[in-house]
Amino acid sequence: MSLLEVTGLTTCYQLKGGTVHACRNISLRLKKGEALGLVGESASGKTTAALSLVKLLPDNARVVSGSVWLDGRDISGATEDELRRIRWKEISIIFQGAMNALNPVRPVGDQIVEAIRIHGKVSEKEAREQTRSLFESVEIDAGRVKEYPHEFSGGMRQRVMIAMAVACNPKVVIGDEPTTALDVMVQAQVLQLLEDLRRKREMGMILITHDLSVVGETCDQVAVMYAGRIVETGPTETIFLKPAHPYTMALIAAFPNIEGERNRFGSIAGSPPNLLCLPPGCSFHERCAQALPYCREQEPEVLELSDAHNCACHLYNKQVNQQWKVS
Amino acid sequence: MLSLAVNKDALVLFKKNLASFWEIYRRNTMGLIGLFFLIFFGLLAFLGPHLVSVTTLVVDGVTQTLHPPTPGYWLGTDNLGKDILAGLIIGTRVSLLVGVAAATISMTIGTIIGIVSGYYGKTVDALLMRFTDVFLVIPWLPLVLAMAALLGPSLGNIVFVIGITSWAGTARIIRSQTLSVKERPYVERARAIGAGGTHIMLRHILPNVFPLIYANTVLVAAIAILSETTLSFLGMGDPTRISWGMMLHYAYEMGAVINMAWWWLLPPGIFVVLVVLSFTFVGYALDEVFNPKLRRRDL
Amino acid sequence: MESIVARPDLLEVKDLQVHFAARLNLLNALFTKQEAVVRAVDGIGFQIRRGEILCLAGESGSGKTTAGKALLRLVEPTGGEILFNGEDIRVFKGRRLKQFRQEAQIIFQDPYESLNPRQTVFSTVAEPLEVNGICACLKEKEERVTEALEDAGLNNPRELFLRYPHELSGGQRQRLAIAGSLVLKPRFIMADEPVSMLDLSIRAGILKLMVGLRDARGISYLFITHDLSLAWMVSDRIAVMYLGKIVELGSADQVIKDPLHPYTRALVSVIPAPRRKSGEKRALLQGETPDPVNIPPGCRFHPRCPQAGSRCREETPTYTEVQAGRFAACFYV
């Protein structure tokens with residue numbers, strides 16, 4: 001059984017210029033201890049999709065439809081109070097700039113102790129104890145709990161945020177670009193740490209990122225988003241070796257691969273569409289090298305290509321292809 | 001043909017900018033109220049002398065002195081029998097003129113000192129800022145009184161005195177904004193294409209501190225009007241012209257308080273408050289329009 | 001690419017140093033007599049040939065950006081020589097400096113920040129011409145601007161003339177920034193992480209444009225990046241910097257496929273490879289780059305080096321040519 005099952009999640013934003021469907025009809029599955037990479041470029045709706053799970057959205061955003069099952073329980077109808085309990089304890093989030101969210105004038109340890117005590121009835125001493133062991137679990141010397149945020153480097157502060165996120169042994173951790181602002185070496189260290197923690201604690205993890213390679217190394221499953229829709233999902237290996245959707249193919253080709261050929265720049269023509277006025281049919285057809293005339297007319301449905309490998313593209317819909325040829 | 005296109009399109013661009021500015025501004029209620037009153041006072045200042053007949057301001061010995069409001073003399077008369085309403089309307093021009101002119105002088109000095117000080121830094125900054133500090137800390141009123149007394153009571157002198165004593169705060173604000181703007185990569189880019197200090201200050205820093213200048217000018221104008229009122233009230237005003245401060249001055253001197261002549265004291269006071277408030281409202285509204293951080297999130 | 005080796009140098013850097021006085025906090029200022037110095041760039045040397053793309057790679061704090069800016073005199077070097085076409089740019093002043101600025105241009109990392117938000121597209125690209133007093137008449141200026149925008153890959157440039165940067169997409173903005181450099185017809189461009197803020201699908205287009213300009217006009221580049229795989233893609237040679245020094249320099253293929261210095265090896269091993277076989281361990285370095293105020297004695301990399309011996313703690317390895325065209329600073333190569 002899946003730990004997390006999301007079906008048909010749609011979220012929209014009310015903007016001055018109209019309604020924007022930041023994510024449309026998102027369906028995801030996450031097993032216990034598994035990592036899912038949610039990949040997309042800026043404004044592809046990946047962050048909105050993840051935050052919609054626990055309804056951590058700005059005032060002008062609204063989850064329109066969809067269900068979210070966490071561990072056999074439907075949380076899509078949960079009240080704000082219930083959601084507050086679910087966040088952090090069951091689904092916790094590591095934000096991109098989280099390391100800068102620490103209060104600069106209080107010792108780091110105190111801030112974690114406080115957070116632990118707000119969420120659970122534990123004594124001060126217990127919370128301190130817990131904080132020290134959390135520090136050790138993210139490979140920071142427990143003696144440093146008394147230090148202030150400025151005494152930590154960016155990578156160390158991100159570790160502190162990870163420690164906070166896993167403090168209550170959540171079932172699912174969502175990392176929203178958790179390593180984007182970090183140096184390559186530190187990024188590798190933090191990703192390694194996240195992987196170790198996930199395996200040790202058997203947490204499910206959703207890693208939101210624009211960086212395909214990060215996903216390739218740390219995730220079991222990949223979901224590729226474009227213009228608010230998931231265009232392809234599948235096991236990491238399948239996605240990288242046999243990508244089906246033209247967008248996924250182009251993304252992988254655009255990625256500098258030191259095992260490949262030098263001086264080959266795979267690029268995708270044009271730029272991502274404006275969410276306020278999406279092109280008709282498949283949102284990608286304007287930039288797609290393999291677009292069929294039909295792609296302009298109708299939005300492709302999600303097709304199951306093989307076990308757990310799904311793709312939303314007309315190229316794989318025999319019925320549509322035949323129909324089109326006939327008419 | 002192309003050059004023509006660029007010139008013609010400059011107008012289009014200006015219109016586009018203005019339209020997008022108005023789009024944000026019109027959502028600010030306070031700003032709209034302020035703007036309404038400013039337009040009202042502006043019209044009053046412009047048309048004032050055409051609205052009232054000069055005769056109502058002449059001491060004719062016919063009209064009753066110190067008369068409470070009656071039809072014909074809607075706000076009553078003063079001790080010489082002059083119409084208060086007519087005085088108010090005529091006075092608008094002087095008050096607004098002093099406010100706008102003094103604010104312009106003040107902003108010009110403040111902006112130049114602020115930008116130069118912030119951009120060059122080091123010794124230039126230290127010298128200019130200590131000079132600014134002097135103007136910030138000297139007791140304002142005695143200085144202004146002394147200067148006004150020295151230069152003599154004329155409208156030009158009043159504008160000058162207020163203008164050169166009120167720029168210090170502005171210089172500080174502009175300087176701190178300059179410090180932040182000059183660290184932006186586009187300023188470095190300008191250096192990389194070979195631009196010198198003057199060019200960078202005019203083309204890159206000034207346009208990016210301009211919003212602050214607009215907002216501040218309006219606020220300084222409010223202060224300048226208050227200052228003019230204060231100076232006139234204290235008898236340092238231009239005796240040949242009617243301003244609200246002058247009216248207050250005469251009302252006080254001629255015993256409006258003792259005679260309970262509220263119609264003489266209150267109207268100029270209320271007008272000063274209204275004008276200052278509307279300038280302030282517009283100033284804050286501009287600040288909000290140009291400073292997205294203060295803007296209510298309305299996405 | 002072999003022919004590039006034979007080309008003459010455009011830029012030669014010898015023992016370049018950029019030191020800053022460190023900002024101390026009050027306590028330190030009171031109790032330390034010695035003035036702390038940030039040795040951002042601490043004696044580096046390399047050449048850039050005509051039409052060559054040299055990549056300066058390193059993590060933050062390695063001094064790569066400072067070094068790049070020193071080459072353009074945007075940061076004043078405190079020591080060493082920078083020869084541009086055989087002339088020392090450190091003595092350039094006034095008109096000569098201005099002329100040099102036309103020949104050596106910069107592209108910044110963030111196309112959102114490097115363009116003045118209150119300047120239209122036309123004014124952004126025309127400004128370099130105005131500053132340098134090139135083309136007096138508007139018509140000629142418009143032609144140059146149009147040409148530069150086209151060269152930067154922006155279609156229908158005239159329609160963009162009156163747009164503001166915020167009305168353009170990220171890729172268009174970076175192209176606009178490039179047009180602002182190209183309009184001066186430079187021979188050298190220092191590109192500081194030019195694609196790191198852009199989406200993956202747009203990056204390749206910008207890189208292609210830059211490499212294309214090299215091929216067509218022989219523009220030389222110093223390409224600064226933290227991303228070694230990107231460095232490998234675009235550059236002819238790669239120099240890897242750590243804490244203000246170059247630890248290794250060689251052709252792109254050599255440095256990536258056969259790194260000599262332990263630091264380069266570690267960096268190469270953490271290049272995220274999408275198709276890495278699971279279970280393969282990366283050579284993660286412990287800790288983070290130290291502060292350039294307190295540079296470790298001996299080899300500055302020794303505290304994090306998996307191979308460090310006692311000699312590394314005491315002596316500084318010299319930066320030498322270990323093979324033809326390959327330089328490294330390590331006792332063990």
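User: Let's begin where chain C meets chain A: how many salt bridges does the rule find across that interface?

Analyst: Across the interface of chain C and chain A the rule finds 0 salt bridges. A salt bridge here is a side-chain nitrogen of Lys or Arg within 4 Å of a carboxyl oxygen of Asp or Glu. Please keep in mind that this is a predicted model, where local features need pLDDT of at least 70, side-chain atom pairs count only at pLDDT 80 or more, and totals for chains, interfaces and linings use all residues. Residues are numbered from 1 along each chain as its sequence is written, chains are lettered from A and ligands numbered from 1 in the order in which they are written, and side-chain values use heavy atoms, with hydrogens and water left out.

User: What is the way to read the size of an interface?

Analyst: It is often given as the accessible area lost when the parts come together. Chain C and chain A bury about 3800 Å² between them, 58% of it on carbon and sulfur atoms; the area is taken with a 1.4 Å probe and summed over both parts. In this pairing, 43 residues of chain C are in contact (heavy atoms within 4.5 Å) with 38 residues of chain A.

User: And what describes two packed helices?

Analyst: The angle between their axes and the distance between the axes. Axes are lines fitted to C-alpha atoms over the stretch in contact, and angles run from 0 to 180 degrees between N-to-C directions. In chain C, helix H5 (residues 121-131) and helix H8 (residues 170-182) pack at about 30 degrees, with axes 7 Å apart. That makes H5(C) roughly parallel to H8(C), since angles under 35 degrees count as roughly parallel and those over 145 as roughly antiparallel. Val121(C), Thr124(C), Val125(C) and Pro128(C) of H5(C) meet Leu176(C), Ala179(C) and Gly180(C) of H8(C).

User: How does H9 of chain B pack with H5(C)?

Analyst: Helix H9 (residues 197-233) of chain B and H5(C) pack at about 165 degrees, with their axes 13 Å apart. That makes H9(B) roughly antiparallel to H5(C). His199(B), Arg203(B) and His204(B) of H9(B) make the contact with Ser123(C), Glu127(C), Glu130(C) and Val131(C) of H5(C).

Notes:
Helix = DSSP H or I, 4+ residues; strand = E, 2+ residues; numbered from the N terminus. Parallel < 35°, antiparallel > 145°, perpendicular 65-115°, else oblique. Buried area = accessible area lost by both parts, 1.4 Å probe.
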